[in-house]
Amino acid sequence: KKYRGAMRNIQNHINAVGAENMEIKVVLHGNGVGLLKNAMQNQKLQSDITSLKAQHVTFNVCNNTLTGRKINHEKDLFEVFQDNIVPSGVAELSYLQQQGYTYIKP
């Protein structure tokens, strides 16, 4: 429920502002990576993620989390590719904030 709620919040934001008026990046680290792990078995989550990606929302995954939890991004996570992986989720969040992005935690 929590993961779907977060996806709904993103969609609501897009609906209010318009996808063409923003750039949304979802950075998953720690327990947040569970979103893409659970999506492997959850059709509704898959649909939410696919819909958001079609609206140019990007999903980035922390390599530190993948390594520390022994998660294989190709086998264990829904639609995660090498170019979706960032070295550190926390460092990526900091970098994006320095670039002017707003940090919103679900």
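**Close-up views of a predicted model**

**View 1. Asn-42 caps the N-terminal end of helix H3.** A side-chain oxygen of Asn-42 lies 3.0 Å from the backbone nitrogen of Lys-44. A polar contact is a pair of N or O atoms within 3.5 Å; within protein, one must be able to donate a hydrogen and the other to accept it, and residues adjacent in sequence count only if both atoms are side-chain atoms. This is a predicted model, in which local features need pLDDT of at least 70, side-chain atom pairs count only at pLDDT 80 or more, and totals for chains, interfaces and linings use all residues. Residues are numbered from 1 along each chain as its sequence is written, and side-chain values use heavy atoms, with hydrogens and water left out.

**View 2. Helix H3 covers residues 43–54.** Helices (H or I, at least four residues) and strands (E, at least two) are DSSP runs, numbered from the N terminus. The expected span of a helix is 1.5 Å times one less than its number of residues. For the 12 residues of H3 this gives 16 Å, and the end C-alpha atoms are 16 Å apart, which agrees.

**View 3. H3 has a buried side and a face turned away from that side.** Buried means under 20% relative accessible area, exposed over 50%, and partly exposed in between (1.4 Å probe, protein chains only). Leu-45, Gln-46, Asp-48, Ile-49 and Leu-52 are the buried residues of H3. Seen down the helix axis, these residues fall within an arc of 165 degrees, so they line one face of H3. The arc is that of the directions from the helix axis to the C-beta atoms. On the face turned away are the exposed residues Gln-43, Lys-44 and Ala-54. The cover over the buried residues of H3 includes helix H1 (2–17), helix H2 (34–38) and strand S2 (58–62).

**View 4. Leu-52 is a buried residue of H3.** Its relative accessibility is 1%. Leaving aside residues up to four places away in sequence, Leu-52 touches Met-7, Ile-10, Gln-11, Ile-14, Val-57 and Phe-59. Contact means heavy atoms within 4.5 Å.

**View 5. Helix H1 packs its buried residues against S1, H2, H3 and S2.** The buried residues in H1 are Gly-5, Ala-6, Met-7, Ile-10 and Ile-14. The 16 residues of H1 should span 22 Å at 1.5 Å a residue; the end C-alpha atoms are 23 Å apart, which agrees. Gly-18 follows H1 and has a positive phi, near 95 degrees.

**View 6. Two residues other than glycine, His-56 and Glu-79, have a positive phi.** Most residues other than glycine have a negative phi. His-56 lies in the loop between H3 and S2, and its phi is about 70 degrees. With a relative accessible area of 67%, His-56 is exposed. Glu-79, with phi near 50 degrees, is found in the loop between helix H5 (73–76) and strand S3 (85–86). Its relative accessible area is 35%, so Glu-79 is partly exposed.

**View 7. Three strands form an open sheet in the order S1-S2-S3, with parallel pairing.** Strand S1 (25–28) and S3 stand at the edges, each with a single partner strand, so one side of each has no neighbour in the sheet. Two strands pair if DSSP finds at least two bridges between them. S1 and S2 pair over four bridges, and Val-27 stands opposite Asn-60 in S2.
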